[in-house]
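Here are a few notes to go with the model we talked about. Have a look at it first, then read on.

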Amino acid sequence: MKSAVVLLPGLNRDRDMIAALTKISGQAPATVWQTDTEIPDVDLIAIPGGFSFGDYLRCGAIGARMPVMRAVAEKAAKGVPVIGVCNGFQILVEAGLLPGALMRNASLKFVCRQVKLEIANANTMFTRHYQPGQVIRSPVAHHDGNYFADAETLARLEGEGQVVFRYAEGTNPNGSINDIAGIVNDKGNVLGLMPHPENLIEAAHGGNDGRALFESALGLAA
Ligand SMILES: NC(=O)CC[C@H](N)C(=O)O
C-alpha cells in the first residue's frame, strides 16, 4: 500500500510517521514538500505533528496556506484518505478541511503524557479494526489541543458519527468539548486527531494500540 507524508518546516514528528508507515505498509512513504503542487497516487496521505512555522499566528495557520495543502484538498475531494496528527490536525482545521478550532489547552500548559481513548465510532475507514467503545492508550504532546465547535457544528458531528476518538476515563488533557480527541469530515475520508497513534505501534514503544488505525486506513488485514 502506498502512502505520502507532507513535510513542512518545523514539523518534528515526520520521522515517526515515516517509520510507522514503513513498518505497517511494508514500503517507505513518498514525501511531499510544502511547495509541491502535486501528490503522487497513494492510498493514504499523512500530515504529521510538530511545530510548523514555529506555531506563529496560530498552530497550523501558516502551514494550511502552503501550496501543498491545495494538493491535499484536491486529493481529499477525490476521496483519498487523509490523516492529520496533532499539528497535522491543526493544519487540516486551519485549511477548512475539518470543522471547529483547536484552542490553547485549558491548563495553559504544554501537556506530554499518555491518555486513554475511546473508539467513539468504529465504523469509519480509520477505525474498522477496533471494536466499538474499545479503550486504547495513546501519547499526547501539545499546547493547543482544546477542540471547540459551535453548538450547531457539534450537534452535527455527534449526530453524524463524526466524533471518532474521545478521551476516556477522565484523561482529557486539554479541556476539549465533549472530550473530543479526533473527528472525521462529513465524507469520512479526512481524519484529524490530537493524540499520536504512530508512537504506539510496536513492542519497542510499549504497545501497539495505535497500529490498527493505520492498518484500517491502509485497508490491510487486522
Ligand atoms: N506534537 C504536536 O504536533 C504539537 C502541535 C502544536 N505545536 C501544539 O503544541 O499544540
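Which residues does UniProt list for "active site"?

1. The unreviewed UniProt entry gives Cys86, His196 and Glu198 under that heading. Those residues span 113 residues in sequence, but no two of their C-alpha atoms are more than 11.1 Å apart, so they gather at one spot. Keep in mind that this is a predicted model.

2. Let's take Cys86. You'll find Cys86 in the loop between strand 4 (82–85) and helix 3. Its relative accessible area is 4%, so Cys86 is buried, the cut-off being under 20%. Leaving aside residues up to four places away in sequence, Cys86 touches Gly49, Ala141, His142, Leu193, Met194 and His196.

3. Now for His196. This one sits in the loop between strand 11 (190–193) and helix 5 (211–217). His196 has 1% relative accessibility and counts as buried. Again not counting residues up to four places away in sequence, the residues His196 touches include Cys86 and Gly49, along with Arg13, Val85 and Ala141. Ser138, Pro139 and Val140 are also among the contacts of His196.

4. Gly49 and Ala141 are worth a click: Cys86 touches both of them, and His196 does too.

5. Then there's helix 3 (residues 87–94). Seven of its eight residues are buried, so helix 3 is largely enclosed by the rest of the structure. The buried ones are Asn87, Gly88, Phe89, Gln90, Ile91, Leu92 and Val93. After helix 3 comes Gly96, with a positive phi near 80°.

How values were computed. Residues numbered from 1 in each chain as written. Predicted model: local features only at pLDDT ≥ 70, side-chain atom pairs only at ≥ 80, totals over all residues. Heavy atoms only, no water. Buried < 20%, exposed > 50% of the residue type's maximum accessible area, 1.4 Å probe, protein only. Helix = DSSP H or I, 4+ residues; strand = E, 2+ residues; numbered from the N terminus. UniProt positions renumbered as here; feature names shortened; annotations may be inferred. Contact = heavy atoms within 4.5 Å.
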